[in-house]
Amino acid sequence: MIAQAATVLPRLLVVEDSPAAAGELCRLFEQHQFDVTHAQSGEEALSRLRESLPDALAIDSRLPDTSGDELCATIRRFQDWAHLPILLVLSADDPDTRVKGLTSGADDCIGRTDNSSELLARLRRLLARAEIHELLTEQEKLVTLRRAATTMAHCINN
């Protein structure tokens, strides 16, 4: 019998204070192969980030202790979290709210009334883009190491 490799599900932190909305979002993401963790406030989200880094975040624009855009700005101030893909889920989907969210560090914004297919597509696009960025970063590190090794070899030979 051939053993199959376990599939690693993308880890998602959903930050949503409404139990009904949180339940709906978590179920949706779990049904579409995400490993979901939930936080009800900005403070709880930061605590969860300190415990374990997710692959992405879906943040409600209105939280009991902060706004979604303020939480995005806080997350972006930490070097270890600055690369995390953030999808801001807007309660009021107007251009000013979108601009404020994007300016504060969200990678994308979507209105709560938008359909689940678009929500999933946007999140998957953010994850794919983050994966490409990580691969490029690793390639840049390898190029730098190769250059350093070549320089060192040249210095040793001379």
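This is a predicted model: local features need pLDDT of at least 70, side-chain atom pairs count only at pLDDT 80 or more; totals for chains, interfaces and linings use all residues.
A: A salt bridge is taken here as a side-chain nitrogen of Lys or Arg lying within 4 Å of a carboxyl oxygen of Asp or Glu.

Asp-108 has a relative accessible area of 8%; because burial is set at under 20%, Asp-108 is buried.

Arg-112 forms a salt bridge with Glu-16, and their closest N and O atoms are 2.8 Å apart. This pair also links distant parts of the chain, for Arg-112 is in the loop between strand 5 and helix 5, whereas Glu-16 is in the loop between strand 1 and helix 1 (19-31), 96 residues away. The two partners can be described by their accessibility. Glu-16 is buried, at 2% relative accessibility, while Arg-112, with a relative accessible area of 32%, is partly exposed.

A further pair consists of Asp-107 and Arg-76, whose closest N and O atoms are 2.8 Å apart. Asp-107 is in the loop between helix 4 (95-104) and strand 5, and Arg-76 is in helix 3, so that 31 residues separate these distant parts of the chain. Here both partners are partly exposed: Asp-107 has a relative accessible area of 30%, and Arg-76 is at 21%.

Five strands in the order 2-1-3-4-5 form an open sheet with parallel pairing. Strand 2 and strand 5 are its edge strands, each pairing on one side only. Neighbouring strands of the sheet are turned against each other by 20 degrees on average, with direction ignored. Within the sheet, strand 3 and strand 4 (residues 86-90) pair in the parallel sense over four bridges, and the bridge partner of Ile-59 in strand 4 is Leu-88.

Helix 2 touches strand 1, strand 2 and strand 3, and its direction makes about 135 degrees with that of strand 2. Helix 4 touches strand 4 and strand 5, and its direction makes about 150 degrees with that of strand 5.

Gly-42, Ala-45, Leu-46 and Leu-49 are buried. These residues cover an arc of only 100 degrees around the axis, which means that they lie on the same side of helix 2. In an α-helix there are 3.6 residues a turn, so residues three or four places apart point the same way. The buried residues of helix 2 pack against strand 1 (11-15), strand 2 (35-39), strand 3 (56-60) and helix 3 (68-76). On the other side of helix 2, Glu-43, Arg-50 and Glu-51 are exposed.

Notes. Residues are numbered from 1 along each chain as its sequence is written. Side-chain values use heavy atoms; hydrogens and water are left out. Buried means under 20% relative accessible area, exposed over 50%, partly exposed in between (1.4 Å probe, protein chains only). Helices (H or I, at least four residues) and strands (E, at least two) are DSSP runs, numbered from the N terminus. The arc is that of the directions from the helix axis to the C-beta atoms. Contact means heavy atoms within 4.5 Å. Two strands pair if DSSP finds at least two bridges between them. Axes are lines fitted to C-alpha atoms, for helices over the stretch in contact, and angles run from 0 to 180 degrees between N-to-C directions.
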